[in-house]
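This report describes salt bridges and a chain-to-chain interface. Please keep the structure in view while reading.

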Amino acid sequence: MRILAEGTAPYLPVDPDGFREYVREHKSRALEPKLLSAQEAVARFVADGDYLVYDCNYLQRGPSILIREIIRQRKRDLWLCGKFTYVDVGLLIGAECATKVDCGFFYQGKAIDRAIDEGRLEIYEYSNVVMTLRLQAGAMGLPFLPVRSLGGTDGFSQSGAKLIEDPYTGQPITIVPALNPDVALIHVHQADQYGNARVFGTGIAHEESALASKKVIITAEEIIDTEEIRSDPGRTSIPYYAVDAVVHAPFGAYPGTCQGYYGSDTAHVIECFGAVSRDGVAQYAEKWISPFATDQEMLDKLVGEEKLSQLRANETITEGYRP
Amino acid sequence: MTMLEVEGTKASSFNEREFQITTVARMIEDGRSYWVTGGGTPIFAILLGQRRYAPNAQYITEDGVIAPEPMLPFEPIMTMVASRPSYRALAWGTMNTAGNHAQLGYMDYGILNGLQVDRYGNINSTLIGSGKEMRHFGGPGGADSIAANCWRIILMTDQEKRKFVERVDFISSAGFLDGTPNARERAGLPRGTGPWRVVTPWAMYDFDDERRMRLIAIAPYVTVEEVLAECEYPPQVAEQVETLAVPTEEELEVLRSQLDVQGQATGVRSGWVTLEGDKYVRQTGD
């Protein structure tokens, strides 16, 4: 196959057979209870140096509880899938948890600027859809996928993409390396104890991320009975065998919204932007994360039931979000 | 000649960002599909266009919301993966839904923002400067796929010298690349696509037969010279530069009271324009 041009950036090594072998060895096909606390799940399944993908983001049905837990446990040297994300990248870099980012889109601020200036952050350039297509390739067990964007851009040159001559049409086509992250964090509306998970409403790449990743932590607003899953199987977004841990996490997307369940906490959302923007992540963590042993304690003591009820009441739209 | 004139009461006072949004709203073609970036001015342009001129224009957002009837207004930042913007859609998908449908050719137009644009319509939203002076920004987000795969691209950006350049500091989203014939196809992008219009608060541009950006219309409160003074690299200039019609009170009513009620898009760094006698005048010193 003729390579016409190629990007120069490092990318997570591509190894579909290795991934299959990992699945064979480590992913249980038995129905096994997987309920863990956020603390246990992050301690067991997020390792220093991991490639991390989270679906959606800290402000929009993201696994915010686990982002905070990663900061609390001082994980280091993570490589982030920085697509469709506002403040998560800034928070994880500001907290010195991450050193590499594949860029689709993230909110840039002084917290990130400083990491670049100090030479402790590398950014590789893609775009949002290109990253979700890399995950798609990873979720299909393939080594790469052709894409009809990215070609000709400077992002292409600073990525792991290649331009090849398509052996079928003879035309140039961009291919991107499959992405099989070490760990995926996905917040869902409902899951059972085995990890059968339901996402209601739109998302970014929850199915692709779950299937493409070696270790998968699901945080769920509600834990439901497996009988309920069996009564409406078309609602299952992620099947149990892709999942390693299930965390019961009501308000796990706080301060973000979880569609149909609660709205975002606007004041806190703006505080997050401020923290990333002015390089104030340390102060943010000192207020919202480190004083508390668990997220629940933070929700109880710092947010309070009255505020949480209000956020629930603010989410007036329920059509499409309940079975 | 006045361009994009509509029925209604001409507004006597509006800001430049509102002018830009109403201009794009009037360009919305009924019965066509649009992929719009979720934040900022593009979503307001399509929503205003639908409400005033093109009820059967449809749009999709990056999180795979197809043809919603959104509940307005949106909360700050909550323009995707949130219940209000995705309300009463015809279908809900994910990011690869949006990407694949555009890749298939279903998206007639893309409307997007950018930090910097060059003579061939290449868009930069990644970084400005080089070496020690380099400053990284957020990345292309969905714009790379919108710019590559929608049939026609409308870019909404600011009329500032540092933003209209000969060559962008970084091509985040493809325009006509180096401007040579079929440069996009040689880079693997779909045939027959590319930049179509660039709309700023002061002017509108198209692309000539050699794929170079060309000034075709200006706002009534600026001159061609003033526009060109805010281009680091001079664009081509059409033989006849037309004047864009001002917003109507009816448009501003929708924009201000239903769409951008908190001034999130229109309040940003935008000067005011008022009718003085028979002339629209920019309020300077802001």
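## A network of charged residues

In this predicted model, Arg68(A), Glu69(A), Arg72(A) and Asp295(A) are linked in a network of salt bridges. A salt bridge is a side-chain nitrogen of Lys or Arg within 4 Å of a carboxyl oxygen of Asp or Glu. One of the links joins Asp295(A) to Arg68(A), with an N to O distance of 2.7 Å. Asp295(A) belongs to helix α12 (residues 295–303) of chain A and Arg68(A) to helix α3 (residues 64–72) of chain A, so the pair ties together parts that are 227 residues apart in sequence. Helices (H or I, at least four residues) and strands (E, at least two) are DSSP runs, numbered from the N terminus.

Asp295(A) has a relative accessibility of 5% and counts as buried. Arg68(A) is buried as well, at 0%. Here buried means under 20% relative accessible area, exposed over 50%, and partly exposed in between (1.4 Å probe, protein chains only).

## Other salt bridges

The search of the whole structure finds 33 salt bridges over all chains. Among them, Lys27(A) pairs with Asp244(A), the closest N and O atoms being 2.6 Å apart. Lys27(A) lies in the loop between α1 (16–26) and α2 (38–45) of chain A, and Asp244(A) in the loop between α9 (226–231) and β12 (245–248) of chain A; the pair therefore ties together parts that are 217 residues apart in sequence. Lys27(A) is buried at 7% relative accessibility, and Asp244(A) is buried at 16%.

In chain B, Asp208(B) forms a salt bridge with Arg212(B), with the closest N and O atoms 3.0 Å apart. Asp208(B) is buried, at 15% relative accessible area, whereas Arg212(B) is partly exposed, at 21%.

## The interface of chain B and chain A

The contact (heavy atoms within 4.5 Å) takes 54 residues from chain B and 56 residues from chain A. The two chains bury about 4100 Å² between them, 58% of it on carbon and sulfur atoms. Buried area is the accessible area (1.4 Å probe) that two parts lose on being put together, summed over both.

Across this interface the rule finds 1 salt bridge. Asp113(A) and Arg135(B) form a salt bridge, their closest N and O atoms being 3.4 Å apart.

## Basis of the values

Residues are numbered from 1 along each chain as its sequence is written, and chains are lettered from A and ligands numbered from 1 in the order in which they are written. Local features need pLDDT of at least 70, side-chain atom pairs count only at pLDDT 80 or more, and totals for chains, interfaces and linings use all residues, while side-chain values use heavy atoms, with hydrogens and water left out.
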